[in-house]
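Please keep the structure open while reading.

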Amino acid sequence: MARYIFITGGVVSSLGKGLMAASLAALLQARGYKVRIRKFDPYLNVDPGTMSPYQHGEVYVTDDGAETDLDLGHYERFTGVSAHQGDNITSGRIYQDIIAKERRGDYLGATVQVVPHVTDEIKAFALAGQDDHDFVLCEIGGTVGDIEGLPFMEAIRQLRNELEPWQTLSVHVTLVPYIAAAGELKTKPTQHSVKELRSIGLAPDILVCRSEGPIPAKEREKLALFCNVRPDSVIAAQDLSTIYDAPLAYHREGLDQAVLDAFQISPAPKPDLAKWEDVSDRIHNAEGEVRVAIVGKYTQLEDAYKSIAEALTHGGMANRVRVKVEWVDAEIFEREDPAVHLEGFHAILVPGGFGERGTEGKIKAAEFARTHK
């Protein structure tokens with residue numbers, strides 16, 4: 001029977017919940033467990049397919065053709081488990097399904113409400129088809145306190161009561177900022193975030209605290225005291241030079257052990273981290289460098305081309321070279337000579353895009369690549 005790990009975020013967005021989920025899944029895999037990750041997105045779009053890349057980054061397309069959140073790309077890259085349609089749900093899709101059922105009369109005249117109808121749909125999505133997995137990680141998009149996210153938080157609260165006590169775990173990702181003027185790390189934002197989470201009936205079992213540098217023992221003890229978690233369940237997640245160091249960094253911090261302890265799995269299988277040690281070695285001890293220009297139309301937001309950038313990084317790992325990517329706006333070449341910007345690169349990559357904007361610049365970049373071999 002699967003165990004469920006519910007991952008929420010607080011204080012600010014973009015703390016790396018998706019990378020943390022992917023890293024934790026990779027560490028559990030390294031211990032021999034079978035894992036799956038699912039993403040709950042509270043926005044009202046049915047899927048990200050119609051959203052501007054500047055709004056939400058790339059649309060990650062799964063093997064079965066689903067247009068999903070870019071975090072599913074991280075899940076696949078870190079675990080090797082192919083994502084599918086059933087791994088990403090949005091509020092928009094849930095409401096669309098509920099309204100279709102209401103119009104058909106499936107609710108037999110009942111008043112359709114957030115509780116229980118919306119929360120029941122969320123719970124059904126979380127539990128569907130997981131019997132053959134040891135762990136299911138459910139990441140909730142957004143931050144605690146968002147109006148859109150409240151039905152998802154309520155569904156988690158209900159699931160934690162409905163499933164067995166040993167079957168669920170809450171991991172909360174927050175920010176511990178360093179205030180340079182005061183020369184201090186501040187724990188108050190995390191305390192407020194946990195207070196907000198507890199006000200809607202959820203108590204975190206593990207805190208993952210993002211910071212620029214290490215979190216000293218004094219601050220960890222303070223977080224544990226005021227957020228009501230064990231000191232060894234306060235996990236520091238400091239900035240890294242590459243995301244592919246994250247599994248090893250989280251293991252050194254004891255994240256996977258804290259999860260297994262919370263589930264009372266003892267003795268737990270020892271992790272085999274040779275693969276991740278090899279990945280780290282290939283990145284940090286590269287034997288050469290390759291310069292690649294990406295000529296696109298969404299270059300102001302690198303997340304718009306996330307999978308392309310990561311594919312280049314993986315190619316560099318495989319060949320023990322460091323790939324240095326530079327982003328070039330295709331529209332520049334409609335006014336300027338491509339040679340000024342593209343001389344000295346080993347390769348030029350021209351990704352796809354929609355609409356006419358930037359097309360002529362892409363064609364000129366491709367022409368430059370052909371004529372200069």
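Predicted model: local features only at pLDDT ≥ 70, side-chain atom pairs only at ≥ 80, totals over all residues.

Residues are numbered from 1 along each chain as its sequence is written, and side-chain values use heavy atoms, with hydrogens and water left out.

**Sheet layout**

- Seven strands form an open sheet with parallel pairing, in the order E5-E2-E6-E1-E7-E10-E11.
- The edges are taken by strand E5 (88-90) and strand E11 (234-238); each has a single partner strand, so one side of each has no neighbour in the sheet.
- On average, neighbouring strands of this sheet are turned by 20° against each other, direction ignored. Axes here are lines fitted to C-alpha atoms, for helices over the stretch in contact, and angles run from 0 to 180 degrees between N-to-C directions.
- Strands (E, at least two residues) and helices (H or I, at least four) are DSSP runs numbered from the N terminus. Two strands count as paired if DSSP finds at least two bridges between them.
- Strands of a sheet pair through backbone hydrogen bonds, either parallel or antiparallel.

**Strand E1 and its partners**

- Strand E1 (residues 3-9) is largely enclosed by the rest of the structure, because six of its seven residues are buried. Buried means under 20% relative accessible area, exposed means over 50%, and partly exposed lies in between (1.4 Å probe, protein chains only).
- E1 pairs in the parallel sense with strand E6 (residues 135-140) over five bridges, and isoleucine 7 has glutamate 139 as its bridge partner in E6.
- E1 also pairs in the parallel sense with strand E7 (residues 168-175), over six bridges. There isoleucine 7 stands opposite valine 171.

- Strand E2 (residues 35-41) runs parallel to E5 and is joined to it by three bridges; phenylalanine 40 has isoleucine 89 in E5 as its bridge partner.
- Strand E10 (residues 206-211) has five of its six residues buried, so the rest of the structure largely encloses this strand.
- Five bridges pair E7 with E10 in the parallel sense, with leucine 175 opposite arginine 210 in E10.
- E10 and E11 are likewise parallel over five bridges, and valine 208 has isoleucine 235 in E11 as its bridge partner.

**Helices**

- Helix H3 (residues 71-79) lies across E2, E5 and E6 and runs at about 170° to E2.
- Helix H6 (residues 150-162) contains glutamate 154, which counts as buried at 19% relative accessibility.
- Glutamate 154 touches Val115 and Thr119, leaving aside residues up to four places away in sequence; contact means heavy atoms within 4.5 Å.
- From glutamate 154 to valine 234 is 80 residues in sequence and 24 Å in space, C-alpha to C-alpha.

**Nonpolar surface patch**

- Leu44, Tyr95, Ile99, Val114 and Val115 form a nonpolar patch on the surface, with about 440 Å² of accessible area together. Areas come from the Shrake-Rupley method with a 1.4 Å probe, and for residues only the protein chains shown count as cover.
- Patch residues have over 30% relative accessible area and no salt bridge; like charges are joined within 9 Å, and nonpolar side chains (Val, Leu, Ile, Met, Phe, Trp, Tyr) within 5 Å. A salt bridge is a side-chain nitrogen of Lys or Arg within 4 Å of a carboxyl oxygen of Asp or Glu.
- At least two patch residues come from each of helix H4 (91-104) and helix H5 (114-127).
- Valine 115, found in helix H5, is partly exposed at 43% relative accessible area.
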